[in-house]
Amino acid sequence: MSERIAIETLLRTRANDQCELCKGENDLRAVHVAPFEDDELEHNALLCETCRDQIDGADDALDPKHWFGLQESIWSEVPSVQVLSWRMLNRLKSESFAQDLLDQAYLADDVMEWAKEGLVDNAHAHPPAFDSNGAQLNEGDSVTLIKDLDVKGTSFVGKRGTLVKGIRLTDDPTHVEGRVNNIMIVLKTEFLKKA
């Protein structure tokens, strides 16, 4: 137990007695960042009660306003804070601020690997999606448009042959999300070919 008190003291110093995700100050505690369950400083973060409750809770119970602090914490120099921030942004990616941050954020390869370890396997989170040739599409794949597509709500056309990198799966297996001309749009899988 004394090791846990020591790690919490070190975390409080590192975090200036504030939650490392939202800067809150209520009921701060050291939290292991999965898959690690040790008392190494770099595998822990100091979190407030609200952050802890929402991290452990269901996605539909998340309060997006509480998580605006991720706009700062994703840029932390502390890998465990980056990991938690990235994971929460993924859970909140239906919110525009979270999606924008995910598109901008850079995590070192080893930190990104660690962050992805804590996510639910996307194959189980979304029904499988397939391109026009029947190839299965996965989160983060690149695809090519196989025909010109009018993009509703804009004045441009997605041209045949356009490469769309880093697609995101949706709850509808006939649609994926991707950026075309720096605008996030929904694309029908029947008009895509896996790159």
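Buried means under 20% relative accessible area, exposed over 50%, and partly exposed in between (1.4 Å probe, protein chains only). This is a predicted model, where local features need pLDDT of at least 70, side-chain atom pairs count only at pLDDT 80 or more, and totals for chains, interfaces and linings use all residues. Residues are numbered from 1 along each chain as its sequence is written, and side-chain values use heavy atoms, with hydrogens and water left out.

**Exercise 1.** Find out whether tryptophan 114 is buried or exposed.

*Solution.* Start with the relative accessibility of tryptophan 114, which is 9%. That value makes tryptophan 114 buried. Now try phenylalanine 36: at 29%, this residue counts as partly exposed.

**Exercise 2.** Work out how many aromatic pairs there are, and describe them.

*Solution.* First, the rule: rings of Phe, Tyr and Trp (its six-membered ring) pair if their centres lie within 6.5 Å; planes under 30 degrees apart are stacked, over 60 edge-to-face, and the rest tilted. The count is two aromatic pairs.

Next, take phenylalanine 36 and tryptophan 114: their ring centres are 5.2 Å apart and their planes stand at 90 degrees, so this pair is edge-to-face.

Then turn to phenylalanine 68 and phenylalanine 97, also an edge-to-face pair, with 4.8 Å from centre to centre and 80 degrees between the planes.

**Exercise 3.** Compare the accessibility of the two partners in the second pair, phenylalanine 68 and phenylalanine 97.

*Solution.* Phenylalanine 68 has 42% relative accessibility and is partly exposed. Phenylalanine 97, at 13%, is buried.
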